[in-house]
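Subject: Structure handover

Hello,

Please find the structure below, with the sequence alongside. Notes on what was found in it follow.

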Amino acid sequence: MNTISIKTNSGGEATITENQFEEFQSNFRGSVFHAGTHGYNQAREIWNGMFDKKPALVARCVGTSDVIHAVNFGRENDLEVSVKGGGHNSAGTAVTDGGLMIDLSLMRRVTVDRKNQTARVDGGCLLGDVDYETQLNGLAVSAGIVSHTGVGGLALGGGFGWISRKHGLSVDNMISAEVVTADGRVVTASATENEDLFWGTRPKEKNSSGRSRKKQKPWGSMSV
Ligand SMILES: Cc1cc2nc3c(=O)[nH]c(=O)nc-3n(C[C@H](O)[C@H](O)[C@H](O)COP(=O)(O)OP(=O)(O)OC[C@H]3O[C@@H](n4cnc5c(N)ncnc54)[C@H](O)[C@@H]3O)c2cc1C
């Protein structure tokens, strides 16, 4: 590889040199793929096979520091960036065509606090990961129907599933989210911290007709 052409945020094209790529990779704990790397085609696959988009780079993160590093790399080079959670979005929004894809698919840790009946889940978790850990404790989370859907995309879109009629949507039960911001900071968004950011991750408490959503028992927090 000599250079990589990559799509910028403003629709243009930037060039990543071999040195820049190697520096990025050397500070990254996960894997970075480009078109010439073994595993690249598998790394860009999503659930909806109608999409055949080709990111210039895929940064497959294994922890929050990797996410920060990838976000910083994207911002510093003005790159078009996409985020892949479970890869189930039928419009294929997880994959950028020509930009940098931040892939969370290896970040799948689930920690259940049995006493407080909450769960903390990583940004790349699938619904089945959460069920697998919560059922051990006799608990369940209001989420979707299909176990290989991603928690991240599902919850950000509301999240309706088997027990929603009784326990509400996934977002109704979300206590907080750990968010990596575009300037590379890690912040907590909740009802008491960075409230505007928390609002951005879930529907308003009151809708446009002024009706309040029913308050539900919280179930956990999501690490993004
Ligand atoms: C087979 C199937 C069954 C489904 N069943 C249900 C259901 O029962 N109930 C329901 O409510 N919905 C359901 N959906 C819809 C599903 O919730 C959405 O398609 C959702 O966007 C999938 O999320 P994902 O993380 O898997 O997808 P992705 O394509 O990875 O992500 C979707 C969007 O969310 C963003 N995103 C994902 N994770 C993160 C993160 N951690 N941080 C920041 N951004 C993130 C991505 O950038 C992308 O734009 C289903 C979809 C499919 C294909």
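Arg-75 counts as partly exposed, at 39% relative accessibility.

Some background before the rest. This is a predicted model, in which local features need pLDDT of at least 70 and side-chain atom pairs count only at pLDDT 80 or more, while totals for chains, interfaces and linings use all residues. Residues are numbered from 1 along each chain as its sequence is written, and side-chain values use heavy atoms, with hydrogens and water left out.

Salt bridges

The structure holds nine salt bridges. One of them joins the side chains of Glu-80 and Lys-7, at 3.8 Å from N to O. Glu-80 sits in the loop between α3 (64-76) and β5 (81-84) and Lys-7 in strand β1 (residues 3-7), so this pair ties together parts that are 73 residues apart in sequence (helices, H or I with at least four residues, and strands, E with at least two, are DSSP runs numbered from the N terminus). Glu-80 is partly exposed at 24% relative accessibility, and Lys-7 is partly exposed at 29%.

Another salt bridge links Asp-103 and Arg-60, whose closest N and O atoms are 3.0 Å apart. Asp-103 belongs to strand β6 (residues 100-103) and Arg-60 to strand β4 (residues 57-60), so the pair ties together parts that are 43 residues apart in sequence. Both Asp-103 and Arg-60 are buried.

Domains

The protein is divided into domain 1 (3-103) and domain 2 (110-223), with bounds that come from an automatic or database domain assignment. The C-alpha centres of domain 1 and domain 2 lie 26 Å apart. Their contact takes 10 residues from domain 1 and 14 residues from domain 2, where contact means heavy atoms within 4.5 Å.

The size of an interface is often given as the accessible area lost when the parts come together. Between domain 1 and domain 2 the buried area is about 770 Å², and carbon and sulfur atoms give 64% of it (buried area is the accessible area, with a 1.4 Å probe, that two parts lose on being put together, summed over both). On the side of domain 1, Thr-64, Ile-68 and His-88 lose the most area to domain 2, together 47% of what that side buries.

A loop residue

Ala-35 is located in the loop between β3 (31-33) and α2 (40-43). Is Ala-35 buried or exposed? Ala-35 is exposed, with a relative accessible area of 62%. Leaving aside residues up to four places away in sequence, Ala-35 touches Tyr-40 and Ala-56. Ala-35 and Ala-56 are 21 residues apart in sequence, and their C-alpha atoms are 6.8 Å apart in space.

Regards

Conventions
Salt bridge = Lys/Arg side-chain N within 4 Å of Asp/Glu carboxyl O. Buried < 20%, exposed > 50% of the residue type's maximum accessible area, 1.4 Å probe, protein only.
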